[in-house]
Amino acid sequence: MTLTDQTRAAIQKLVSTYPERRTALLPALKLAQTDAGYLSREAIAEAADVVGVPHSAALELAEFYTMLHTEPVPPALVVVCAQLPCALRGAEELVRDLRAGLREQIGNGLVEIERTSECFGACHRAPMARVGATYCENLDQERRRTLIQELAKA
Ligand code: FES
């Protein structure tokens, strides 16, 4: 068993709040990911069993959403939004600055920088990135410098 009893209970409770069991699948996978660190095949299967949907449906969902990870992730995963509004406000420069400022941490496997074509839904606060589960907005020069310093300390 991969998931803790606490997470299994939380997923069961979640299922009871939706009229259709399947609707609870995405939040259930998020809970499983938080519990297990990433969504291994076993964690996906367990979450699917608790929700009461086929394993294939859970796997399909886990592989579709970029915020769900089916492979282990480094301690700090930084995902930069690269959709048009963020691109126009400097997403590529943000990626470049993060990679330059965190070269050592990236080399040591502590930080990973990714771009995504998934809009984070806060285009008016571009450019932005997600660090783990935290959204960092308005990453101008000063804010990205602060973010790099924080990530370098972690
Ligand atoms: S385009 Fe980046 S948050 Fe929407």
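How many bridges join strand 1 to strand 3, and do they run parallel or antiparallel? Strand 1 (residues 76-81) and strand 3 (residues 129-131) are antiparallel and joined by 3 bridges. This is a predicted model: local features need pLDDT of at least 70, side-chain atom pairs count only at pLDDT 80 or more, and totals for chains, interfaces and linings use all residues. Residues are numbered from 1 along each chain as its sequence is written, and side-chain values use heavy atoms, without hydrogens and water.

**Domains**
- The domain assignment, automatic or from a database, gives domain 1 (5-64) and domain 2 (76-153).
- Their C-alpha centres lie 28 Å apart.

**Helix pair**
- Helix 2 (residues 25-36) packs on helix 3 (residues 41-51) at about 140 degrees, with axes 10 Å apart. Helices are DSSP runs (H or I, at least four residues).
- Leu25, Ala28, Leu29, Ala32 and Ala36 of helix 2 meet Ala43, Ile44, Ala47 and Val51 of helix 3 (contact: heavy atoms within 4.5 Å).
- The contact residues divide into 9 nonpolar, no polar and no charged (nonpolar: Ala, Val, Leu, Ile, Met, Phe, Trp, Tyr, Cys and Pro; charged: Asp, Glu, Lys and Arg; polar: the others, Gly among them).

**Sheet**
- An open sheet of 4 strands has the order 2-1-3-4 and mixed pairing. Strands are DSSP runs (E, at least two residues), and two of them pair if DSSP finds at least two bridges between them.
- Strand 2 (111-116) and strand 4 (134-136) are the edges; each has a single partner strand, so one side of each lacks a neighbour in the sheet.
- Val78 has Val131 of strand 3 as its bridge partner.

How values were computed
Axes fitted to C-alpha atoms, helices over the stretch in contact; angles between N-to-C directions.
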